[in-house]
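Here is a short briefing for a reader new to this structure. Look at the sequence and the model first, then read on.

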Amino acid sequence: MSNRRQFLQALTALSSLLMTSCGWKLGNVRSGTTSSSDQMYIYTWTQYSDQELLDAFLAQTGIKVLVDVYDSNEVMLAKLLAGGANAYSLIYPSDYMVQKMQAQGLLIELNNDRLIGLDQLFPQFQNPTYDPNNRHSIPFNWGTTGLIYNSAILKDAPEDWDYLWQNQKNLNKRITLLNDVREVMGAVLRMLGYSYNSKDENQIKQAYEKLLELKPAIAAFDTDAWQNQILAGDLTVAMCYSVDALKVTKENPQLKYIIPRSGSSLWTDTIVIPKTVSNIEGAYAWINFILQPEVASVLSKRMNIATPNSAVFEQLPEEVKNNQNLFPSPSLLENCERITPLGDIEDLYERYWTQLTSN
């Protein structure tokens, strides 16, 4: 699992850490390859790249990485299907999008013999339902979707999605929802007691009508701009991804993140190699670079990434390991669902979404 991602501050001293503390050998990063192009393009969420990271990879491998970013899985897929993404060697789709891309024959099957550290993934990430045995994807980050709110303004913390409807008058134009049809419709479906992945036309219609009730109070459907707005005090509540919430709560501790009681989405963002890969050697080198515990632990701390790697997790400070927003307990996750592809019924979601966001 939308602009969901935003450039963070540079990874302080990452380059020097990688080149001095880790003791890596260049050949290890390159997975034993003997030659590779000196340039590679990556298509990713905005938050998952910055210049320090790219410079460190260049220093280790001699490969310059150029990055394009997207703000939703659907935008990425549309560009790929239109032939506009043929230059990319790596893409970072969310879990359900991996299923869609694979079903359409867009991904190569990974050669695990060329990857170092897959056995260090937590068991639940070694054979995920969206990609059994990680044949086409490597998990990079995981998290939840929920609500962030200003505790200095709201003395009673929201506990569920229905808080927005119950307090609609007081929150008028101080609410934003994600610009993501499956997340927004899914959250309301969950609030109504249904699945995030409902295929029932009546249930989907109920969710749409419920959103129509809230529409007058919504300031925007937005996946990125809410961050600066809530920090400036212009918003009181925003629907968001946990990875973005963690960044904002660090800047203002009065901002709090919650996973709604009735349930939410549980997502994993991954790394895949498209069949149109232009630099296969560089692609494998990048994945091995990211899988290294010394790199991944820095990324986890600096980018608020919930690592799927057990070796990385053990290297994290206790305060990071114990952060329930970053690594929620099983009890907090028990009502959460992964978004899954829904086939033709997704057209109905899209029609309702267009009506909701265009009126």
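UniProt positions are given in the numbering used here, feature names are shortened, and annotations may be inferred rather than shown by experiment. This is a predicted model: local features need pLDDT of at least 70, side-chain atom pairs count only at pLDDT 80 or more, and totals for chains, interfaces and linings use all residues. Residues are numbered from 1 along each chain as its sequence is written, and side-chain values use heavy atoms, with hydrogens and water left out.

**Annotated site**
- An unreviewed UniProt entry lists Tyr-96, Asp-180, Val-181, Arg-182 and Glu-183 under "binding site".
- These residues span 88 residues in sequence, yet no two of their C-alpha atoms are more than 13.6 Å apart, so they gather at one spot.
- Asp-180 sits in the loop between strand S5 (175–177) and H8; helices (H or I, at least four residues) and strands (E, at least two) are DSSP runs, numbered from the N terminus.
- Asp-180 counts as buried, at 5% relative accessibility; buried means under 20% relative accessible area, exposed over 50%, partly exposed in between (1.4 Å probe, protein chains only).

**Around helix H5**
- Ser-94 is in the loop between strand S3 (88–91) and helix H5 (95–103).
- Ser-94 is buried, with a relative accessible area of 0%.
- Just after H5, Gly-105 has a positive phi of about 70 degrees.

**Nonpolar core**
- A nonpolar core is a set of buried Ala, Val, Leu, Ile, Met, Phe, Trp, Tyr and Cys residues joined through side-chain atoms within 4.5 Å.
- The largest one has 113 residues, and Met-101, Leu-177 and Trp-286 have the most contacts inside it.
- Helix H12 (residues 280–291) gives the most to this core, with eight residues.
- Leaving aside neighbours within four places in sequence, Met-101 contacts (heavy atoms within 4.5 Å) residues including Met-76, Ile-91 and Val-272.

**Helices H8 and H9**
- H8 (residues 181–191) and H9 (residues 201–214) pack at an angle of about 100 degrees, with axes 9 Å apart.
- Axes are lines fitted to C-alpha atoms, for helices over the stretch in contact, and angles run from 0 to 180 degrees between N-to-C directions.
- That makes H8 roughly perpendicular to H9; angles of 65 to 115 degrees count as roughly perpendicular, under 35 as roughly parallel, over 145 as roughly antiparallel and the rest as oblique.
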